[in-house]
Amino acid sequence: MKITKDTIVTITFRATDAQGKLLEDGKEPRAYLHGGYNNTLPGIEKALEGQDIGFSAQLVLPPEDAFGVRDESLATTIPKSEFPPGVKVGGQLQGHDDQGNQQVFTVMKIKGDTVHLDGNHPLAGQTLRFAVKVVDVQPASAEEVAHGHAHGAHGHHH
């Protein structure tokens, strides 16, 4: 079966950054609903379109096809007094960006009474390398399409 819109694709992948640092070891298969549902990176979905079980590829994804280009407007500072006690570097919190959209922010540093936050994905702006292998392709169920993600063994569980 070919990978097309509304198929459940199970892949293994090994991911590294441009310097070769391992980000994902690829040992656990992952299933996703293919076809523009934002369940995998755009560059991976483009590379797998029309392929079949057993297909493998070495991909180099620029930021636009991976986690996006850094958006400096998502980096901000907030007075430490606005945080609950125990705020730590690396901690995450949900907030809203300037347009009112829900956003996850990571605490990047705490300098004096100021907390520096970043709403970008930690890998935004980076070129990433993937070794991808397709291990299964199945038609998606009506429920999976309605929910917009894969269910089952290597997908989302409700």
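Welcome! A search of this whole structure, which is a predicted model, turns up four salt bridges. Three residues, Arg 70, Glu 72 and Asp 118, are joined in a salt-bridge network.

**Salt bridges**
- Lys 46 pairs with Asp 65, their closest N and O atoms being 2.8 Å apart.
- Lys 46 belongs to helix α1 (residues 42-48) and Asp 65 to the loop between β4 (56-61) and β5 (75-79), so this pair ties together parts 19 residues apart in sequence.
- Lys 46 is exposed, at 56% relative accessible area, whereas Asp 65 is buried, at 19%.
- Arg 70 forms a salt bridge with Glu 72 at 3.0 Å between the closest N and O atoms, and another with Asp 118 at 2.9 Å.
- Because Arg 70 sits in the loop between β4 and β5 while Asp 118 is in strand β8, their pair ties together parts 48 residues apart in sequence.
- Arg 70 is partly exposed at 33% relative accessibility, Glu 72 is exposed at 52%, and Asp 118 is buried at 8%.

**Paired strands**
- Strands β6 (residues 92-96) and β7 (residues 102-111) run antiparallel, joined by five bridges, and Gln 92 stands opposite Thr 106 in β7.
- Five bridges also join β7 to antiparallel strand β8 (residues 114-118), where His 116 stands opposite Lys 109.
- β7 and β8 make a hairpin with two residues between them, and Gly 112 in the turn has a positive phi of about 65°.

**Largest pocket**
- The largest pocket has a volume of about 260 Å³.
- Its lining has 16 residues, with Phe 13, Arg 30, Thr 40, Leu 41 and Phe 130 nearest the centre.
- By class, twelve lining residues are nonpolar, two polar and two charged.

Notes:
Residues are numbered from 1 along each chain as its sequence is written. This is a predicted model: local features need pLDDT of at least 70, side-chain atom pairs count only at pLDDT 80 or more; totals for chains, interfaces and linings use all residues. Side-chain values use heavy atoms; hydrogens and water are left out. On a 1 Å grid over the protein atoms alone, a cavity is a set of points where a 1.4 Å probe fits but cannot get out, and a pocket is an open set with protein on both sides within 12 Å along at least five of seven lines; lining residues have an atom within 4 Å of a point. Grid points are joined across faces, edges and corners, and a volume is the space filled by probe spheres set on the points. Ala, Val, Leu, Ile, Met, Phe, Trp, Tyr, Cys and Pro count as nonpolar, Asp, Glu, Lys and Arg as charged, and the others, Gly among them, as polar. Two strands pair if DSSP finds at least two bridges between them. Helices (H or I, at least four residues) and strands (E, at least two) are DSSP runs, numbered from the N terminus. A salt bridge is a side-chain nitrogen of Lys or Arg within 4 Å of a carboxyl oxygen of Asp or Glu. Buried means under 20% relative accessible area, exposed over 50%, partly exposed in between (1.4 Å probe, protein chains only).
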